[in-house]
Amino acid sequence: MREYDTKDGVMLIGGVPATDIAEEFGTPVYVTDADLVRENYRSIHGAFNRHLPTRVHYACKANTNLAVLRLLQKEGSHIDAVSIGEVLTCVKARFDPGKILYTGTNVTDSEMEALLEAGCRINVDSESQLERLARITTDVPLSFRVTPGVASGHGAKVMTGGKGSKFGIPMDRIVGCYARANELGFRVDGLHAHTGSGGNSIEPFIDVAYVLCDLANEIEDKVGIKLDWIDIGGGFGVPYRPHEPALDLDELAIAVTNVVKEESSVGELAIEPGRYVVCDTTVLLARCVDVKDAGPKKYVGVDAGMNTLMRPSLYDSYHHVALANKMHRACVAKYDVVGQICESGDILARDRVLPDPRAGDLLAVYCAGAYSFSMSNEYNSRPRCAEVMVIDGRAELTRAAEPIEDLWRHQTIPEALG
Ligand SMILES: Cc1ncc(COP(=O)(O)O)c(C=O)c1O
């Protein structure tokens with residue numbers, strides 16, 4: 001987990017005091033340090049590309065903030081997208097549509113038409129999707145997502161690559177898909193798999209590389225298609241806890257690229273990191289509004305909750321927390337950090353020692369750059385909060401907090417109800 005610099009006991013984000021940011025933009029607010037996004041992108045791209053030409057397709061489901069996307073576009077990133085909304089958001093951030101690989105599941109014909117119109121690449125997830133796409137056009141390059149029989153991830157809800165998964169085409173039918181695509185007149189040049197999200201061991205990446213290389217060889221032998229690239233997906237875990245060891249990216253990259261070089265004649269690798277690129281670049285700042293001693297439990301109540309950051313309630317995920325205005329004070333007691341949502345599961349952090357929290361203190365939730373704002377919602381009719389980016393030592397608003405009117409902007413009351 002990344003530690004933050006401090007000055008006079010206050011957390012600094014990209015050199016700017018967290019307390020100033022909260023004062024200027026209000027709370028809750030997500031704050032991203034642009035330098036860290038750049039650093040993470042370069043580190044994962046470099047780790048692989050040193051050994052084998054590698055495209056990074058940033059998995060934008062992790063964070064679709066336009067400023068983050070634009071920064072990554074300038075770094076030369078490609079994109080992994082899962083909806084037409086993500087594709088068009090990336091185009092808005094000036095990504096060349098040709099650099100966007102769309103990997104959807106249960107994709108409708110109308111979505112495929114919109115994707116083709118947008119000009120992105122389609123990675124096919126099922127045999128039916130292939131046939132339906134062929135009825136629209138065969139004049140596009142294709143790739144397929146295979147279910148590799150390898151699963152990884154921080155929990156069962158995010159493991160996608162195991163046998164029987166809803167994602168991808170089963171291994172024993174994938175070669176047939178390349179033959180069928182050939183017959184239909186498509187040009188097929190790649191093969192993709194994704195094992196899951198947030199895993200912290202390197203073995204699944206090596207295993208999936210073997211699976212993809214073997215399949216690429218089989219496709220060449222049986223169908224005569226020589227693939228240009230394979231894509232091992234994303235899922236590179238990051239440490240959420242202090243002192244938790246990080247994935248050894250260099251070891252992972254060397255192992256995976258060795259497999260690809262030794263076991264196949266594929267010349268290019270693609271990877272799809274989401275979490276790795278953005279997770280530790282962002283903190284969520286929330287104001288402490290109430291401190292309650294409920295007998296067996298003590299609570300710090302803040303102005304954010306499971307609507308702002310869903311991961312703790314959805315996955316039981318751990319996010320480190322600290323008081324951004326009391327960084328060096330001794331911690332005295334244990335608290336649960338809870339939000340404003342009317343659910344007892346609305347707990348951002350359980351049993352954390354904090355330095356005498358008081359109303360008005362500023363809570364920082366660490367590692368809030370991935371699957372955090374992008375999963376936020378308006379439950380309990382609380383509009384989504386603002387996002388800020390610190391760039392060149394200046395904090396700038398990149399998304400305004402939603403106005404309360406947004407809650408009913410798209411609703412209508414039928415005339416019959418008066
Ligand atoms: C196809 C695909 N690629 C990449 C990713 C990114 O995973 P992560 O953010 O763990 O790197 C996901 C996440 O769900 C995915 O489904």
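Biologist: Between which two strands is the loop in which Arg329 is found?

Modeller: This is a predicted model, in which local features need pLDDT of at least 70 and side-chain atom pairs count only at pLDDT 80 or more, while totals for chains, interfaces and linings use all residues. Residues are numbered from 1 along each chain as its sequence is written.

Arg329 lies in the loop that joins strand S16 (321-323) to strand S17 (333-338); helices (H or I, at least four residues) and strands (E, at least two) are DSSP runs, numbered from the N terminus. Arg329 counts as partly exposed because it has 13 C-beta neighbours inside 10 Å. On this scale, with C-beta atoms placed from the backbone, 20 or more other C-beta atoms within 10 Å make a residue buried, 12 or fewer make it exposed, and values in between make it partly exposed. Leaving aside residues up to four places away in sequence, Arg329 touches Pro355 and Asp356, where contact requires C-beta atoms, placed from the backbone, within 7 Å. The C-alpha atoms of Arg329 and Pro355 are 5.7 Å apart, although 26 residues separate the two in sequence.

Between them, 21 residues of domain 1 are in contact with 23 residues of domain 2. On the domain 1 side, strand S20 (386-391) and strand S21 (394-399) are the elements that give two or more residues, and S20 gives the most, with four. That side divides into ten nonpolar, eight polar and three charged residues; Ala, Val, Leu, Ile, Met, Phe, Trp, Tyr, Cys and Pro count as nonpolar, Asp, Glu, Lys and Arg as charged, and the others, Gly among them, as polar.

The largest nonpolar core has 121 residues, such a core being a set of buried Ala, Val, Leu, Ile, Met, Phe, Trp, Tyr and Cys residues joined through C-beta atoms within 7 Å. Helix H8 (residues 203-223) supplies the largest share of this core, nine residues, and each of domain 1 and domain 2 contributes at least three. Leu285 is among the residues with the most contacts inside the core; its partners beyond four places in sequence include Ala18, Ile21, Leu362 and Ala364.

Definitions and conventions. Contact = placed C-beta atoms within 7 Å. Domains from an automatic or database assignment.
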